[in-house]
Amino acid sequence: MDTSAFEKFLCAYITCFVFQIICQACSSNKHGLDYMKNHPARVCDHCFEELQKQDNMYTSKNGSPLNHRSPTNALSTVLHSIPSGRKQKKIPAALKEVSANIEDSSISGYLYRSKGTKKPWKHLWFVIKNKVLYTYAASEDVAALESLPLLGFTVAEVKDEHLESKVFHLLHKNTLFYIFRSDDYQSAQKWIEAFQEATIL
């Protein structure tokens with residue numbers, strides 16, 4: 001099989017059959033393929049258009065080849081021309097209003113957070129500003145993962161008989177919402193005070 005035939009084989013058949021099965025109802029396009037001795041074979045609309053472009057590139061007005069490209073490049077041309085259906089995730093404007101390293105916040109720093117007593121802990125960066133709790137993956141982030149208005153919530157320190165408590169609960173209408181854990185007792189007390197201040201008018 002010569003290079004031209006292999007290029008068309010890759011473009012028309014690998015592309016079509018990897019991404020979709022072509023039947024008569026889906027496409028009426030047929031294109032002569034060299035490896036089939038120029039016998040017309042059914043190809044998808046996209047490949048039909050690309051194969052025609054390839055013909056224009058490789059063939060001059062009198063039918064002589066202009067140049068030759070590797071089969072890999074030919075396939076790459078077709079694959080890269082297929083539009084991607086992936087959409088970028090849109091970040092709500094409210095989460096961009098406060099950066100993780102805000103200076104005029106009530107408090108900021110790393111805490112461990114869990115959604116329940118048997119749930120895993122996550123180490124996250126938190127900022128409380130204007131009675132709203134902002135959550136970030138890291139202190140360098142410019143957009144928050146989420147925001148939570150704290151008005152109406154309550155904070156309860158979890159007492160430990162043997163050790164100074166580093167754990168406190170955030171509750172909404174007496175229902176556990178989050179569990180937080182600090183690295184030390186002093187830091188936990190500062191966070192509890194900041195939460196308490198943010199939960200009341």
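**Exercise 1.** Which residues do ring pairs link into a cluster?

*Solution.* The structure is a predicted model, and a search across the whole of it returns 9 aromatic pairs. Ring pairs join Phe126, Phe153, Phe168, Phe177, Tyr178, Phe180, Trp191 and Phe195 into a cluster.

**Exercise 2.** Classify the geometry of the pair formed by phenylalanine 177 and tyrosine 178, and state how accessible each residue is.

*Solution.* Begin with the distance: the two ring centres are 4.9 Å apart, which lies within the 6.5 Å cut-off for a pair. Next take the planes, which meet at 85°; because an angle over 60 degrees counts as edge-to-face, the pair of phenylalanine 177 and tyrosine 178 is edge-to-face. Finally, consider accessibility: phenylalanine 177 has a relative accessible area of 33% and is therefore partly exposed, whereas tyrosine 178, at 9%, is buried.

**Exercise 3.** Describe the pairing of tryptophan 191 with phenylalanine 195, and relate the pair to the helix that carries both residues.

*Solution.* The rings of tryptophan 191 and phenylalanine 195 are 6.0 Å apart from centre to centre, with 40° between their planes, and the pair is tilted. Both residues belong to helix H4, which spans residues 185-198, and because they are 4 residues apart, about one helical turn separates them. Tryptophan 191 and phenylalanine 195 are both buried.

**Exercise 4.** Over which rings does arginine 181 lie?

*Solution.* Take tyrosine 112 to begin with: the charged end of arginine 181 sits over its ring, 4.4 Å from the centre. Then turn to tryptophan 121, where arginine 181 lies over the face at 4.6 Å from the ring centre.

Conventions. Residues are numbered from 1 along each chain as its sequence is written. This is a predicted model: local features need pLDDT of at least 70, side-chain atom pairs count only at pLDDT 80 or more; totals for chains, interfaces and linings use all residues. Side-chain values use heavy atoms; hydrogens and water are left out. Rings of Phe, Tyr and Trp (its six-membered ring) pair if their centres lie within 6.5 Å; planes under 30 degrees apart count as stacked, over 60 as edge-to-face and the rest as tilted. Buried means under 20% relative accessible area, exposed over 50%, partly exposed in between (1.4 Å probe, protein chains only). Helices (H or I, at least four residues) and strands (E, at least two) are DSSP runs, numbered from the N terminus. A charge sits over a ring if NZ of Lys or CZ of Arg is within 6 Å of the ring centre and within 35 degrees of the ring normal.
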